[in-house]
Protein chains: 2
Amino acid sequence: MSLEIASASKSFGGWTKHYTHFSEVLNCDMRFAIYLPPQTANGQKVPVVHWLSGPTCTDENFMHKAGAQRIAAELGIALVAPDTSPRGDAVANDDSYDLGQGAGFYVNATRSPWNRHYHMYDYVLDELPQLVETAFPVSGSASVMGHAMGGHGALVLALRNPGRFRSVSAFSPISNPVNYPWGRNALTAYLGEDASAWSEFDASLLMRKATQFVPALVDQGDADAFLDEQLQPETLEAASKVSGYPLKLNRRDGYDHSYYFIASFIDDHLRFHIQHLAA
Amino acid sequence: MSLEIASASKSFGGWTKHYTHFSEVLNCDMRFAIYLPPQTANGQKVPVVHWLSGPTCTDENFMHKAGAQRIAAELGIALVAPDTSPRGDAVANDDSYDLGQGAGFYVNATRSPWNRHYHMYDYVLDELPQLVETAFPVSGSASVMGHAMGGHGALVLALRNPGRFRSVSAFSPISNPVNYPWGRNALTAYLGEDASAWSEFDASLLMRKATQFVPALVDQGDADAFLDEQLQPETLEAASKVSGYPLKLNRRDGYDHSYYFIASFIDDHLRFHIQHLAA
């Protein structure tokens, strides 16, 4: 697993870096970003928070727009932000913004043509974290967070792998994809029309039957244009009541779906994660 | 002067908004961004810091990437970020990134074809601030800051209009444009080959002969790829010694020319400005 550095910029005393590497799982070249806080300069190992972005994003949006490096530097957290799908001319694609390149939905596709490359679930759960642990001064302590499609991805990762993540958080997550258009569209394409295959990628269904818990924080703006048609965080809240899941859902008056919303509350999320990462 | 709102996103309890309007000075439609901190919600008038961006930027980059809203919300400062040139099919342009649309250099062009629209100096000094004061709950108290070409613009505005700005700051400013390629290229195109016309747009020449002072703060990364060939902040430092100008120049070890550098020190700059804005 060889890494090639694409850029490195000093940020808040640490470094925001972008790398390229060949992914065996995705069978293509990939980019990811990492923020290494100043505590790593003397070899100190720090915990990691993995960030999963929403559709149309790359490895850049979060590092550019969330303003997360400031608080990560203060708390001593490394941030890892992968791209949102496999990429390249040889990789299947679709003209719509919510399917194909830029919209891998963090699943392992089983249907042609997607199954050749679209294994983002395995990539963000295993291959990329292992690469990061091998190449950078990070401890084994990890949490996961994301936005929209990436909020769905983060919740599904933590719900299916409670021993792997100390905590999970999401901004504006797609909470019940089996029942709403973005989710149904992606799951149909990647996993096929048989909806019984979808339930392992639905945070609300997983949370409802959960028996092992990962502390979970969700923030949702009530001026989010996708709230009713796509996101439906109340399905998560209802599921948490069934299983007794430790979910804190904050509704934020007047906030929309943008990175301005994320930036406004990223401090809260990283402070939430460090409580569990440092425990 | 009619304003049309293009977008509004709640940010840190305030609002990041983008507007379009017809500029009489530039003779074209323009966009600008404004951040209104939460203190304005109850009608309180707040001071303004004007931000001038570097070449290739629009009204979006600063609001997306600088992470300034957090500290502006805390301090009660409105932020205004104009586009970097006149825009549109009818506006003269050039294929290079450092001339024409996206690179107005904050001068009043006197040469054809640029003189028809390129009066960014008058736009950012007069027309836009007046529009902002008419339309938004801001006080008359203003400071100005910018990056690269915009750092040049901010310094020139303050040096030529010491009664208009309480303080000025810059990241990686083009400090002595009459002597370096970006500056010479832009000044030749916009003002003509006679270099005697250029001195009113050169921060180092203006600072050297200044007799009225505006407190000035400059930050410069020492890993900035443009440092020696384009920026040359030591010319500002030398000029400040001649006139006794109140300039604080910080050299920052390892930082480059990017918004990651700006984000790392934007708190310091806004805290510097509020000292003078609130006085």
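B:Asn27 has a relative accessibility of 36% and counts as partly exposed (buried means under 20% relative accessible area, exposed over 50%, partly exposed in between, with a 1.4 Å probe and protein chains only). In this predicted model, local features need pLDDT of at least 70 and side-chain atom pairs count only at pLDDT 80 or more, whereas totals for chains, interfaces and linings use all residues. Residues are numbered from 1 along each chain as its sequence is written, chains are lettered from A and ligands numbered from 1 in the order in which they are written, and side-chain values use heavy atoms, with hydrogens and water left out.

B:Asn27 is placed in the loop between β2 (14-23) and β3 (28-36) of chain B; helices (H or I, at least four residues) and strands (E, at least two) are DSSP runs, numbered from the N terminus. The phi angle of B:Asn27 is near 60°, a positive value in a residue other than glycine. B:Gln232 likewise has a positive phi, near 50°, and sits in the loop between α7 (227-231) and α8 (234-243) of chain B. With 12% relative accessibility, B:Gln232 counts as buried.

In chain A, the peptide bond from A:Ser112 to A:Pro113 is cis, with omega near 0°, and A:Pro113 belongs to the loop between β5 (78-82) and α3 (120-135). In chain B, a cis peptide bond joins B:Ser112 and B:Pro113, the latter lying in the loop between β5 and α3. B:Gln101 is also found between β5 (78-82) and α3 (120-135) of chain B. Its side chain reaches the backbone oxygen of B:Gly88 at 2.9 Å, and a polar atom of the B:Gln101 side chain lies 3.0 Å from the backbone oxygen of B:Val91.

At the interface, 23 residues of chain A are in contact (heavy atoms within 4.5 Å) with 23 residues of chain B. A:Lys10, A:His64 and A:Tyr260 supply 38% of the area that chain A buries against chain B, more than any other three residues; buried area is the accessible area (1.4 Å probe) that two parts lose on being put together, summed over both. The area buried between the chains is about 1800 Å², of which carbon and sulfur atoms give 49%. Two salt bridges (a side-chain nitrogen of Lys or Arg within 4 Å of a carboxyl oxygen of Asp or Glu) are found across the interface. A:Asp253 forms a salt bridge with B:Lys10, with the closest N and O atoms 3.9 Å apart. The model scores ipTM 0.94 and pTM 0.96.

Definitions and conventions. Polar contact = N/O pair within 3.5 Å; in protein donor to acceptor, adjacent residues only side chain to side chain.
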